[in-house]
Amino acid sequence: MPLIEIPPCRAEIASGIRHSIGKALRAANPEKSFRAAIVTDRNVGALYLDDVRRSLDKAKIDLVVFTVEPGEVSKSFSTLEKLVEFLAAQHFTRSDVLLALGGGVVGDLTGFAAASFLRGVPFYQVPTTLLAMVDSSIGGKTAINLAAGKNLCGTFYQPQKIFTDPETLATLPDAIFADGAAEALKYGMICDRELFAAISGGALQSDAETIITRCIEIKASVVQRDTFDRGERRLLNFGHTLGHAIEIASNFAISHGSAVAIGMMEITRIACRRQLCPAQTAEKLQTALKNLHLPTANPYPVDTMLQTMLNDKKRHGGILEFVVPRDIGKCELLPVPVDDLKDFLTK
């Protein structure tokens, strides 16, 4: 049972761990009276809510459930308002806890609510998608979307612990599994050539727990050195500046993982054109993405995405920062003046 504890990240990875969450919560709070609110979406709730509910019942932890609609539509002010009003109506206190049972949308929404309600209540991540397991549940970033762009309103707020149960991957549709594979491959691109090769070769399908553990180790280590995203942690945005713009352009018809895959591919092609990395880097990435059944072609012209990119949270004044590859397993930050942005992306 791998236990990754690199402050501020604490992740426990074990098949079936969802059945013992109540015991873990009770052990962490043996003398304290508290309640739990499970936040989940309709799809995940139908699959795993009863398992977690029974676990809390056995530990004699009273609970309530708040269910949202699946998808990015729920990362909104309107859903956040409903959630915090629900907590207030239930008379939740700072002694009580929130559990985010689901993927990245549920995790981000619950984390933001936990950070803001009563100026902070404890919360736990229970990721059920590959993407959430390897990326969004780790590191304490919470956010909701605005009309102007994705994740533009949020805060840093660390979960007390992350309970990662690889068994939940068995019920993921292929497309949702592929979304997480894109984020896992990202770690290989930015800092681990061997991880890149393993994922490209099918290790996610044959040994998911090992790959998930390695991805968590990488992100936890980076977050420990740069919790508030002011330096090295920005490398984790590889593919995301273009990816977020693609998501917005599609009105979220293109999923996050697919958009990030396209974003990684596009910025790697740009790096190759500008001789920032060897030409074969793009070829290797394209092969890996195709092996993972992920898209590699951008359906939108640059002009369609420019305004969204100008609103990107990674913009600093007149500079927009891109993560560009120098080779497989090595990336660096490249500042681009916004006045030169179109030329950078097209010439």
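Visitor: By class, how many residues of the lining of the second largest pocket are nonpolar, polar and charged?
Guide: Please keep in mind that this is a predicted model. The lining of the second largest pocket is made up of Asp174, Ala175, Phe177, Ala178, Ala181, Leu204, Gln205, Leu292 and His293, around a space of about 170 Å³. Sorted by class, these residues come to six nonpolar, two polar and one charged.

Visitor: Which helix supplies the largest share of the lining of the second largest pocket?
Guide: Two helices, helix 6 (174–191) and helix 8 (203–206), each contribute at least two residues to the lining of this pocket. The largest share amounts to five residues, and the element that provides them is helix 6.

Visitor: Where does the charged end of Lys186 sit?
Guide: A charge is counted as sitting over a ring when, among other conditions, it is within 6 Å of the ring centre. The charged end of Lys186 is 4.8 Å from the centre of the ring in question, and the residue that carries this ring is Tyr187.

Visitor: How many cavities of 30 Å³ or more are there, and how much space lies in the largest cavity?
Guide: The count of cavities of 30 Å³ or more comes to two. The largest cavity is lined by Gly149, Lys150, Leu152, His244, Ile248, Thr308, Asn311, Asp312 and Lys313, and the space in it is about 50 Å³.

Visitor: Which element gives the most to the lining of the largest cavity?
Guide: Strand 8 (149–156) and helix 10 (240–249) each supply at least two residues of this lining, which by class divides into two nonpolar, four polar and three charged residues. The element that gives the most, with three residues, is strand 8.

Visitor: And which element gives the most to the lining of the second largest cavity?
Guide: The second largest cavity holds about 40 Å³ of space, and its lining has four nonpolar, five polar and no charged residues. Helix 10, helix 11 (256–273) and strand 11 (319–327) each supply at least two residues. With three residues, the element that gives the most is helix 10.

Visitor: How many disulfides does a search of the whole structure find?
Guide: A disulfide requires two cysteine sulfur atoms within 2.5 Å. The sulfur of Cys272 has its closest cysteine sulfur in Cys277, at 3.4 Å, and is therefore too far away for a bond. Cys272 counts as buried at 16% relative accessibility, as does Cys277 at 8%. For the whole structure, the number of disulfides found is zero.

Visitor: What kind of aromatic pair do Phe123 and Tyr157 form?
Guide: The search of the whole structure finds five aromatic pairs. In the pair of Phe123 and Tyr157 the centres are 6.0 Å apart and the planes are at 15°, an angle that makes the pair stacked. This pair links distant parts of the chain, 34 residues apart, with Phe123 in strand 6 (residues 123–127) and Tyr157 in the loop between strand 8 and strand 9 (162–164). Phe123 is buried, with a relative accessible area of 1%, whereas Tyr157, at 21%, counts as partly exposed.

Visitor: Which residue does a cis peptide bond join to Pro7?
Guide: The bond in question has an omega of about 10° and is cis.

Visitor: Is His91 buried or exposed?
Guide: His91 is found in the loop between helix 3 (77–89) and strand 5 (97–102), and its phi is near 60°, a positive value in a residue other than glycine. The relative accessible area of His91 is 61%, and since the cut-off is over 50%, His91 is exposed.

Visitor: Is Asp229 buried or exposed?
Guide: Asp229, in the loop between helix 9 (208–225) and helix 10, has a positive phi of about 65° although it is not a glycine. Its relative accessibility is 17%, and because buried means under 20%, Asp229 counts as buried.

Methods:
Residues numbered from 1 in each chain as written. Predicted model: local features only at pLDDT ≥ 70, side-chain atom pairs only at ≥ 80, totals over all residues. Heavy atoms only, no water. 1 Å grid on protein atoms, 1.4 Å probe; cavity = no way out; pocket = protein on both sides within 12 Å on 5 of 7 lines; lining within 4 Å. Points joined across faces, edges and corners; volume = space filled by probe spheres on them. Helix = DSSP H or I, 4+ residues; strand = E, 2+ residues; numbered from the N terminus. Nonpolar A, V, L, I, M, F, W, Y, C, P; charged D, E, K, R; others polar. Buried < 20%, exposed > 50% of the residue type's maximum accessible area, 1.4 Å probe, protein only. Phe/Tyr/Trp six-rings, centres within 6.5 Å; stacked < 30°, edge-to-face > 60°. Lys NZ or Arg CZ within 6 Å of the ring centre and 35° of its normal.
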